[in-house]
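Open the structure in your viewer and keep the selection panel at hand. The tour moves from one selection to the next and says what is found at each stop.

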2 protein chains.
Amino acid sequence: MGPYKIDEVSKASGLTKRTIRYYEELGLMPPPSRTDGGMRLYTQEHIDRLKQIVNARDILGSSLQEIQAFVAIREELQDYKKAYGQTVDKAEKRRQLEKTRPMIEKQLQMLDEKLEKMTQFRRDIGQIYQRVCIALDQEHTPNEGV
Amino acid sequence: MGPYKIDEVSKASGLTKRTIRYYEELGLMPPPSRTDGGMRLYTQEHIDRLKQIVNARDILGSSLQEIQAFVAIREELQDYKKAYGQTVDKAEKRRQLEKTRPMIEKQLQMLDEKLEKMTQFRRDIGQIYQRVCIALDQEHTPNEGV
DNA sequence: GTTAACGTTGACGTGAACGTTAGGTTTGGA
DNA sequence: TCCAAACCTAACGTTCACGTCAACGTTAAC
């Protein structure tokens, strides 16, 4: 359990070594201690911190490509609606819908996952907030009392 | 209200003209019609679509800098915890906490906004999904019945 | 004490998501 | 009809978030 070298941290966090150094450079992570030779020595706290960052990144970081997938669903449905009155071929409509359904299901699953992680995140921060408030109250009231 | 030129769309959506053209290029938006001279003519639907994209982008797109703000709060609190047993100066601790509290409040507000938008987003997709399922059921069942 | 595996710091490369500039065309009002 | 304002495409520049390569130093096992 002692100090970890960067490769172990990489495997534990799922990030590449490059990314770990990059995050340190950005200041996302406190710089770890070093050996006399200059090698980085990480603690468990560093790993936890990186996992938090990865979590937050997964929730909050989506590319335009991913966003496109979401908006595309609505368009497909709009296309379907437009074609609804015109298309004579019911089987064709059906095939189209059957194609889009699994896509929507996938998006819903992704959204639910992100929502869950996000609410968990919210709870964490909320708890921290409460502790801060309590601490502030406790230090404030006694001076006024008696 | 008639066709919109790109500058009006820009003001209505909050995106720059460059970004609007870029999103079209990416296929995030259906290409608008053109005048004989080649000028883009947008409809209200285009504007709505862009607003959806902006919304989704605001929810899902955060940089590492923004993520850093979230993670930083935890670190500050950890620092506080560490110093809790050692610091003799209670006023100093209090000042530190009073400094972090508004930061946490801001983060909470941001998170709540994102959460609300996200759940709304989720509801929308869920409704679309239901309509698709119903449509598939309706076209399926009658052929089997009576 | 040698050596292979792993670490370090630059430095350049890359794709995404635009900003900016250049050079030319279109539009709409005086 | 003329002209400024707004539009167009094309192309290069930029920042972020890393990947990748080179050249070199450190560790740990044998």
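Begin by selecting DNA strand D, which has 20 residues around it, the closest being A:Thr16, A:Tyr23, B:Arg21, B:Arg40 and B:Leu64; a residue counts as near the strand if one of its heavy atoms lies within 4 Å of it. This is a predicted model, in which local features need pLDDT of at least 70 and side-chain atom pairs count only at pLDDT 80 or more, while totals for chains, interfaces and linings use all residues. Residues are numbered from 1 along each chain as its sequence is written, chains are lettered from A and ligands numbered from 1 in the order in which they are written, and side-chain values use heavy atoms, with hydrogens and water left out.

Next, select A:Tyr23, where a polar side-chain atom lies 2.5 Å from a phosphate oxygen of DNA strand D, and then B:Lys17, whose side chain has an N or O atom 3.3 Å from a phosphate oxygen of DNA strand D. At A:Arg18, by contrast, look for a base oxygen of DNA strand D, 3.1 Å from an N or O atom of the side chain.

Now colour helix 2 of chain A, which gives the most to the surface near DNA strand D, with 4 residues; helices here are DSSP runs (H or I, at least four residues), numbered from the N terminus.

Finally, select A:Ala56, A:Ile59, A:Leu60, A:Met118, A:Phe121 and B:Leu111, which line the largest cavity; a cavity is a set of points on a 1 Å grid over the protein atoms alone where a 1.4 Å probe fits but cannot get out, and lining residues have an atom within 4 Å of a point.

Key:
On a 1 Å grid over the protein atoms alone, a cavity is a set of points where a 1.4 Å probe fits but cannot get out, and a pocket is an open set with protein on both sides within 12 Å along at least five of seven lines; lining residues have an atom within 4 Å of a point. A polar contact is a pair of N or O atoms within 3.5 Å; within protein, one must be able to donate a hydrogen and the other to accept it, and residues adjacent in sequence count only if both atoms are side-chain atoms. Helices (H or I, at least four residues) and strands (E, at least two) are DSSP runs, numbered from the N terminus.
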